[in-house]
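Take a look at the sequence and the fold, and then let's go through the contacts and surface features together.

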Amino acid sequence: MKVMRSFVTAIIRVWNAPFVKYAVITLTGIALVGFVGENSLLAHLRNKHYIGQLDEEIEKYNTRYQNDMRQIHELNHNPKAMERIARERYFMKHDDEDIFVLSDDNREFQSIADNNETAE
């Protein structure tokens, strides 16, 4: 019991010492500002990371926009470009041409006998 009283008395003496109350309040305030709430230091760092991701996305879309504008300009000023796009994307052809489409699909090839209905 005497140990408990002496311990409480020591704590009260320390608490009543000059500037201890102010130091505790200051440390508590720094902890609250640094780690709690939407304006904390952690939230600030999270937002900076998110802004960096958004900047990368903006750069990607700006690059895509510049490429599309270049293609539009080319299509408006060069009639051969329109023909090239029609041939590459839409497989359009002249009357005297044949088009062979090469695919990169990994399909299993079946033997001709499997697909031939007249081979029964």
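Leu-42 is partly exposed, at 40% relative accessible area, where partly exposed lies between buried (under 20%) and exposed (over 50%), with a 1.4 Å probe and protein chains only. This is a predicted model, in which local features need pLDDT of at least 70 and side-chain atom pairs count only at pLDDT 80 or more, while totals for chains, interfaces and linings use all residues. Residues are numbered from 1 along each chain as its sequence is written, and side-chain values use heavy atoms, with hydrogens and water left out.

**Nonpolar patch**

- Leu-42 belongs to helix H3; helices here are DSSP runs of H or I with at least four residues, numbered from the N terminus.
- Together with Leu-32, Phe-35, Val-36, Leu-41 and Leu-45, Leu-42 forms a nonpolar surface patch with about 610 Å² of accessible area, computed by the Shrake-Rupley method with a 1.4 Å probe and only the protein chains shown as cover.
- Patch members have over 30% relative accessible area and no salt bridge, and nonpolar side chains (Val, Leu, Ile, Met, Phe, Trp, Tyr) are joined within 5 Å.
- Helix H2 (20-35) and H3 each supply at least two residues of this patch, and H3 gives the most, with 3 residues.

**Salt bridge**

- Searching the whole structure turns up 1 salt bridge, meaning a side-chain nitrogen of Lys or Arg within 4 Å of a carboxyl oxygen of Asp or Glu.
- The partners are Glu-74 and Arg-84, whose closest N and O atoms are 3.2 Å apart.
- This pair links distant parts of the chain, with Glu-74 in helix H3 (residues 41-77) and Arg-84 in helix H4 (residues 79-90), 10 residues apart.
- Both ends are partly exposed: Glu-74 has a relative accessible area of 31%, and Arg-84 has 36%.

**Aromatic rings**

- There is 1 aromatic pair in the structure, counted when ring centres of Phe, Tyr or Trp (its six-membered ring) lie within 6.5 Å.
- The ring centres of Phe-19 and Tyr-22 are 6.3 Å apart and their planes meet at 50°, so the pair is tilted; under 30 degrees would count as stacked and over 60 as edge-to-face.
- Phe-19 is exposed at 65% relative accessibility, and Tyr-22 is exposed at 59%.
- The charged end of Lys-60 sits over the ring of Tyr-61, 5.0 Å from its centre; the cut-offs are NZ of Lys or CZ of Arg within 6 Å of the ring centre and within 35 degrees of the ring normal.

**Helix H1**

- H1 is hardly covered, with 0 buried residues among its 14.

Notes. Patches are made of residues with over 30% relative accessible area and no salt bridge: like charges are joined within 9 Å, nonpolar side chains (Val, Leu, Ile, Met, Phe, Trp, Tyr) within 5 Å.
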